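The sequence and coordinates come before the discussion.

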Amino acid sequence: MMIRSSIVSWVLYVSRILLIILFTYAAVSKLVDFQQFGVQLGQSPLLTAFADYLVLAVPLSEIAIVVLLLIKPWRLFGYYASFSILLMFTTYIVLTLNFSDYVPCSCGGVLEDLGWSEHIIFNLAFVLLATFGVLYLEKSFGNLKKLKDGV
């Protein structure tokens with residue numbers, strides 16, 4: 001039981017660190033090349049109407065997720081936010097690939113070299129990491145609530 005708990009804690013820790021690295025990298029790369037990110041959003045067939053808002057909202061959301069994951073009482077919200085934004089990004093890629101003639105890529109650095117299938121797999125792997133965090137922390141909070149309520 002103790003070994004299983006240690007493994008779960010380690011996996012939770014690693015998943016959090018990986019999500020923090022991912023969202024820090026994503027936010028910084030967008031902010032460093034802010035103008036290019038804005039141009040690419042403006043070229044997106046699905047997001048053109050919202051590009052002016054998203055150009056700042058996306059990197060700020062990614063930074064907010066990092067902060068939530070770093071602060072212990074807010075980690076569950078950070079995992080939920082990670083899950084949500086990764087699922088939205090993945091859905092956006094799938095929709096764009098299937099329903100658009102033009103597919104702009106606002107990915108930078110390492111992710112820019114991935115093909116679309118690899119990018120979807122990459123995103124889904126991180127969705128699974130976020131899902132693990134949500135499920136584990138929800139279970140932990142549920143157990144704490146039961147202890148607190150005397151159940």
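**Overall fold**

The model is predicted. Its secondary structure comes to five helices and zero strands, and read along the sequence the pattern is α-α-α-α-α. The protein has 151 residues, of which 31% count as buried. Among contacts between residues at least 6 apart in sequence, 69% join residues at least 24 apart.

Helix α3 (residues 51-70) takes part in both pairs described here: with α2 and with α4. The table sets out their geometry.

| Pair | Axes come within | Crossing angle | Handedness |
|---|---|---|---|
| α2 and α3 | 9 Å | roughly 130° | right-handed |
| α3 and α4 | 7 Å | roughly 145° | left-handed |

Helix α2 covers residues 34-43, and its axis crosses that of α3 at roughly 130°; the two helices are therefore oblique to each other. On the α2 side, the contact is made by Phe 34, Phe 37, Gly 38, Leu 41 and Gly 42. These meet Ala 51, Leu 54, Val 55, Leu 56, Val 58 and Pro 59 in α3. By class, the contact of α2 with α3 has nine nonpolar, two polar and no charged residues.

Helix α4 covers residues 75-99. From α3, the residues Val 58, Ser 61, Glu 62, Ile 65, Leu 68, Leu 69 and Leu 70 meet α4. Their partners in α4 are Arg 75, Phe 77, Gly 78, Tyr 79, Ala 81, Ser 82, Ile 85 and Phe 89. By class, the contact of α3 with α4 has ten nonpolar, three polar and two charged residues. Val 58 is listed in the contact with α2 and also in the contact with α4.

**The salt bridge**

The structure holds one salt bridge. In this salt bridge the side chains of Lys 30 and Glu 62 meet, with an N to O distance of 3.0 Å. Lys 30 lies in helix α1 (residues 2-32) and Glu 62 in α3, so the pair ties together parts that are 32 residues apart in sequence. Lys 30 has a relative accessibility of 12%, under the 20% cut-off, and therefore counts as buried. Glu 62 is buried as well, with a relative accessible area of 1%. Glu 62 is also among the α3 residues that meet α4.

**Two single residues**

Leu 31 also lies in helix α1. Its relative accessible area is 38%, which makes this residue partly exposed. Leaving aside neighbours within four places in sequence, Leu 31 is in contact with Pro 59 and Ile 63. Of these, Pro 59 is also one of the α3 residues that meet α2. Leu 31 and Val 55 are 24 residues apart in sequence, and their C-alpha atoms are 9.1 Å apart in space.

Asp 101 is found in the loop between α4 and α5, the latter covering residues 116-149. At 86% relative accessibility, over the 50% cut-off, Asp 101 counts as exposed. Asp 101 and Pro 45 are 56 residues apart in sequence, with a C-alpha to C-alpha distance of 8.6 Å.

How values were computed:
Residues are numbered from 1 along each chain as its sequence is written. This is a predicted model: local features need pLDDT of at least 70, side-chain atom pairs count only at pLDDT 80 or more; totals for chains, interfaces and linings use all residues. Side-chain values use heavy atoms; hydrogens and water are left out. A salt bridge is a side-chain nitrogen of Lys or Arg within 4 Å of a carboxyl oxygen of Asp or Glu. Helices (H or I, at least four residues) and strands (E, at least two) are DSSP runs, numbered from the N terminus. Buried means under 20% relative accessible area, exposed over 50%, partly exposed in between (1.4 Å probe, protein chains only). Axes are lines fitted to C-alpha atoms, for helices over the stretch in contact, and angles run from 0 to 180 degrees between N-to-C directions. Angles under 35 degrees count as roughly parallel, over 145 as roughly antiparallel, 65 to 115 as roughly perpendicular and the rest as oblique. A crossing is left-handed if the near helix is turned anticlockwise from the far one by less than a right angle, and right-handed if clockwise. Contact means heavy atoms within 4.5 Å. Ala, Val, Leu, Ile, Met, Phe, Trp, Tyr, Cys and Pro count as nonpolar, Asp, Glu, Lys and Arg as charged, and the others, Gly among them, as polar.
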